[in-house]
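This report describes selected features of a protein model. Please consult the sequence and the structure shown below while reading.

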Amino acid sequence: VHPPVLANASLQPPYLPVDAPERREKSRDQLHTLLKVWIPRFQEQGITLSLESHVTASFFVFSDLPDFRDFVLDLPGLGVLIDVCHNYYDGYDIPELISIVQSLPVTGLHLSDAIRGQPLSQATHLPIGDGTIDFEPLLDHFAEHKNVYAALDTRQHKKGNKNTIEQPRTL
């Protein structure tokens with residue numbers, strides 16, 4: 001007997017090249033309209049469509065995690081892929097992150113470390129252990145969730161840094 005296959009497709013929220021409130025609102029409305037059409041199409045094929053939890057307000061269409069949560073709750077059938085390093089970078093410690101997303105259908109976790117106070121491009125997607133995220137509460141919370149997957153999402157992994165592969169085994 002083979003374990004069930006988790007069919008999931010995830011997407012990032014729209015990136016905003018300019019931080020302008022009217023542009024953010026228009027982009028959110030367009031994303032909402034698009035997802036209302038596509039979620040049922042994915043479901044018909046047995047695939048869960050998930051949205052990554054990117055909320056860096058100066059870059060993405062969501063102003064914060066509660067705004068992201070409310071958007072997702074308005075779209076039944078939409079899953080959530082928690083991008084841990086981005087949410088941590090935006091000021092959410094793991095217990096707060098769990099509290100905000102606990103009512104959402106979480107389908108996956110992007111695991112990479114982060115630090116705060118540095119430029120986004122240098123502070124996120126670090127090998128686990130090279131940043132300051134405490135992953136233990138997150139892993140404890142999702143330990144019994146059989147339909148949540150985790151994936152390494154680090155720049156160093158793409159460059160072949162072996163530490164990125166080995167470090168999660170020590171968590």
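## Basis of the report

The model is predicted. Every value quoted here is computed from that predicted model.

## Strand pairing around strand 4

Strand 4 comprises residues 106-111. It is mostly covered, since six of its six residues are buried. Two partners of this strand can be named: strand 3, residues 79-83, and strand 5, residues 149-152.

Strands 3 and 4 run parallel and are joined by four bridges. Within this pairing, valine 80 has valine 106 of strand 4 as its bridge partner. Strands 4 and 5 likewise run parallel, and four bridges join them. Here glycine 108 stands opposite tyrosine 149, which belongs to strand 5.

## Glutamate 52

Is glutamate 52 buried or exposed? Its relative accessibility is 7%, and because the limit for the buried class is under 20%, glutamate 52 counts as buried. The residue lies in strand 2, which covers residues 48-52.

The side chain of glutamate 52 makes a polar contact with the side chain of histidine 54, at 2.8 Å. When neighbours within four places in sequence are left aside, glutamate 52 is in contact with Ser10, Leu11, Gln12, Pro13, Phe68, Leu81, Asp83 and His110. Among these, Leu81 and Asp83 fall in strand 3 (residues 79-83), and His110 falls in strand 4 (residues 106-111).

## Salt bridges

How many salt bridges does the structure hold? There are three salt bridges.

One of them pairs arginine 28 with aspartate 67, with the closest N and O atoms 2.9 Å apart. Arginine 28 is in helix 1 and aspartate 67 is in helix 2 (residues 65-73), so this pair ties together parts that are 39 residues apart in sequence. Both ends are covered: arginine 28 counts as buried at 15% relative accessibility, and aspartate 67 counts as buried at 16%.

Another salt bridge links arginine 69 with aspartate 70, the closest N and O atoms being 3.3 Å apart. Arginine 69 counts as partly exposed at 22% relative accessibility, and aspartate 70 is partly exposed with a relative accessible area of 44%. In the remaining salt bridge, the side chains of arginine 116 and aspartate 93 meet at 3.1 Å, N to O. Arginine 116 lies in the loop between strand 4 and helix 5 (120-123), while aspartate 93 lies in the loop between helix 3 (84-89) and helix 4 (94-101), so the pair ties together parts that are 23 residues apart in sequence. Arginine 116 is partly exposed, with a relative accessible area of 33%, and aspartate 93 counts as partly exposed at 39% relative accessibility.

## A nonpolar surface patch

Which residues make the nonpolar surface patch? Leu34, Val37 and Trp38 form it, and its area is about 260 Å². Valine 37 is located in helix 1, residues 21-44. This valine has a relative accessible area of 39% and is therefore classed as partly exposed.

Notes: Residues numbered from 1 in each chain as written. Predicted model: local features only at pLDDT ≥ 70, side-chain atom pairs only at ≥ 80, totals over all residues. Heavy atoms only, no water. Helix = DSSP H or I, 4+ residues; strand = E, 2+ residues; numbered from the N terminus. Buried < 20%, exposed > 50% of the residue type's maximum accessible area, 1.4 Å probe, protein only. Polar contact = N/O pair within 3.5 Å; in protein donor to acceptor, adjacent residues only side chain to side chain. Contact = heavy atoms within 4.5 Å. Patch = residues over 30% accessible without salt bridge, like charges linked within 9 Å, V, L, I, M, F, W, Y side chains within 5 Å. Areas by Shrake-Rupley, 256 points an atom, 1.4 Å probe, with all protein chains shown as cover. Salt bridge = Lys/Arg side-chain N within 4 Å of Asp/Glu carboxyl O. Pairing = 2+ DSSP bridges.
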